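Let's take a friendly walk through a protein model, starting with whole chains and ending at a single residue. Keep the picture open as you read.

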Amino acid sequence: MAVVARFEVEYTRFLDPQGEATQALPPFALDPAALLPLYRAMTQARLFDSKAIALQRTGKIGTFASALGQEAIGIGVASAMRAEDVLVPSYRDHAAQLQRGVTMAESLLYWGGDERGNDFSVPRQDFPICVPIATQVCHAAGCAYAFKLRNEPRVAVCILGDGGTSKGDFYEALNLAAVWRAPLVVVVNNNQWAISVPRSQQSAAPTLAQKAIAAGIEGCQADGNDIVAVHHLAQRALAKARAGGGPTLIEAISYRLGDHTTADDASRYRDPAVVEAQWAFEPIRRLRNYLLRLKAWGPEQEEQLIKECSEAVNAAVEAYLATPPPSAADMFDHLYATLPTALAEQRETALHFAPHEGGGHG
Amino acid sequence: MAELNLVEAVNRALAWEMQHDPAVVLLGEDIGVNGGVFRATVGLQQRFGAARVIDTALAETAIAGAAIGMAAMGLKPVAEIQFSGFIYPTLDHVINHASRLRHRTRGRLTCPMVLRSPCGAGIHAPEHHSESPEALFAHVPGLRVVMPSSPSRAYGLLLAALRDPDPVIFLEPTRLYRLFKQEIADDGAALPLDVCFTLRAGSDVTLVSWGAMLQETQAAADALAAEGISAEVIDVATLKPLDMATILDSVARTGRCVIVHEAARSGGLGAEIAANLAERGIYSLQAPLQRVTGYDIVVPLARLEYQYLPSVERIVAAVRKSLEAG
């Protein structure tokens, strides 16, 4: 018998759950001051997240998908990207979007039921969040192909969940991108749950990272609650992709501390005590402990940060709530580049019956 | 000028646009070295290179999905689905993403892609190779759906599709690929994407059809003409958005309408046209309108497919019924 293939999946962690370095930190993290923006961004994302849930509970926005406990993935990945790269996110990736420059007011506008929230001022070429599972991996592969064809030093970065790795789209996209050696980084936020289905029932594969091996690309694992590890692997994968080395898959292992969305009640299918225990591993306290230990952070700075981030969230909420609703014409005017004649009459009907738009129902 | 059949016209239109627009890329199964199983892309990889004429892995979902990413990043991808029966894995991407990317980003990202596929029965093909899925796509807001019925319209409409800023589903009737030739200037001239083509003027009845069925429809018009019945023939080559004005105008003059399509009857585009006539042209009609369509059954395999497809006789019979009605 001959062995024709063997593979290994590398696991990376720099900070343990107590925030102690388990090995020498990578170059970008050697100066603790370089970690402060990441700490700030995670804190901001979490405060935004909790405010968004509160807004949903009070009827101010629609269903919202919390990223509680997974902030290190979005911030760690997006902070490693260049402005000209393209993020192709899932619906749980507002942390990554905020890091990319999407404003909290824009995000709230989208979750509040207004597509204008997807018309980001920055970054203009990032995709809006993707709701159908894992379809975005195919889109990201196509983006990456475009960059490669034009010899642009840009990378497409796609994020999906652990459940998404069960979809054919995920396999097909990895397979194509690998053949194309396209500049693509795929990040799996393995938060252990796809709504009510746990990781163990999602796949019998010991790691999700090894699914990349089948496509002929590198798959690696990070402690997804260690932002140093996530950022490091993302940085490495981005550099490789930019240099023509092709795609990489990063499985970032985290835990969904919240419900699937505000429309979900996770206590129906998982023991709250198990979730409670997972708080010991969450990413923000981990980095804070590391910074506190190095005296790069202190209670006064923490207090000031919370104050600033809360004010920024509140300002975003005010801006969102002060945004007037769009015209009914808005439903029609962006479907095609030019409104087809066949739609013009329906547009007139919608405007006629729209309240406050000169319609008969006023 | 060149004498071209429909599949050659498709090839020339693709070549013209690739020559003039470096953003155009083709992707699909067997389209490169092999030139496509119907030879629609023959010679294009040799001419424009493997980076722009991409032989993809065998994955229709990712072909459609990757085309969306390419389009959003400024390319003009033309994805070929090898047979219409294999187009269904693309629906998630076409419906959930391609058709609505412009809308959901308020125009920040767009999806100028073309999804080409052969369609229709009549070439003794295996199972899953004879479907007419136009109504599925025409139901989706944000798409354009086009089906040419001749080499010259294939050339002009495909160029228009390639230049359109929105996603276009371009369905090519396989039965017409090599059925007849036409003189084509190959001058890069596009046809409009939002009007019906009146192929024959007439005064007694309006025959509305598209794709390969125009063969039978025009033959029926010939047969009727021999009896002194004057049929107007309209080609609804651009099925979505639908140009009802041309059809309504014709029916206003003839007072009678027979709609002919190959796809199954229920929920087919004939029903949409009929509903529009009922809403806006009912007082023009001197007789109930007639539909001559594929039956609401699975498209049969080769031995029965011509009993499924609307025939000249069925169309003529429907016209007679219309004329006898009042």
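Predicted model: local features only at pLDDT ≥ 70, side-chain atom pairs only at ≥ 80, totals over all residues.

Residues are numbered from 1 along each chain as its sequence is written, while chains are lettered from A and ligands numbered from 1 in the order in which they are written.

**Chain A as a whole**

Chain A has 14 helices and eight strands. Helices (H or I, at least four residues) and strands (E, at least two) are DSSP runs, numbered from the N terminus. With a radius of gyration of 22 Å, close to the 21 Å that the globule rule gives for 362 residues, chain A is as compact as a globular protein of that length. That radius is taken over C-alpha atoms, and the globule rule is 2.2 Å times the number of residues to the power 0.38.

Of the 362 residues in chain A, 49% are buried. A residue counts as buried if 20 or more other C-beta atoms, placed from the backbone, lie within 10 Å of its own. The chain has domain 1 (11-321) and domain 2 (327-362), with bounds that come from an automatic or database domain assignment. Taken over C-alpha atoms, the centres of these two domains of chain A are 38 Å apart.

| Element | Buried residues |
|---|---|
| α2(A) | eight of eight |
| β4(A), residues 184-190 | seven of seven |

In a regular strand the side chains alternate between the two faces of the sheet. On one side of β4(A) are A:Leu184, A:Val186, A:Val188 and A:Asn190, and on the other are A:Val185, A:Val187 and A:Asn189, all buried. Strand β3 (residues 156-161) of chain A pairs with β4(A) in the parallel sense over six bridges; two strands pair if DSSP finds at least two bridges between them. In this pairing A:Ala156 stands opposite A:Leu184.

**One residue in a loop**

Where does A:Gln70 lie? A:Gln70 sits in the loop between α1 (36-57) and α2 (71-78) of chain A. Because 31 other C-beta atoms lie within 10 Å, A:Gln70 is buried. Beyond its neighbours within four places in sequence, A:Gln70 is in contact with A:Asn189, A:Asn191, A:Gly224, A:Ser254 and A:Arg256. Two residues are in contact if their C-beta atoms, placed from the backbone, lie within 7 Å. A:Gln70 and A:Ile284 are 214 residues apart in sequence, yet 9.4 Å apart in space, C-alpha to C-alpha.

**A sheet in chain B**

In chain B, five strands form an open sheet with mixed pairing, in the order β9-β11-β10-β13-β14. At its edges stand β9 (197-200) and β14 (290-294) of chain B, each with a single partner strand, so one side of each is left without a neighbour in the sheet. Strands β10 (residues 205-209) and β11 (residues 231-235) of chain B run parallel and are joined by five bridges. B:Thr206 has B:Glu232 in β11(B) as its bridge partner.

**Where the chains meet**

How many residues of chain A are in contact with chain B? The contacts join 33 residues of chain A to 36 residues of chain B. On the side of chain A that touches chain B, α5(A) gives the most, with ten residues.

Note on methods:
Buried ≥ 20, exposed ≤ 12 C-beta atoms within 10 Å, placed from the backbone.
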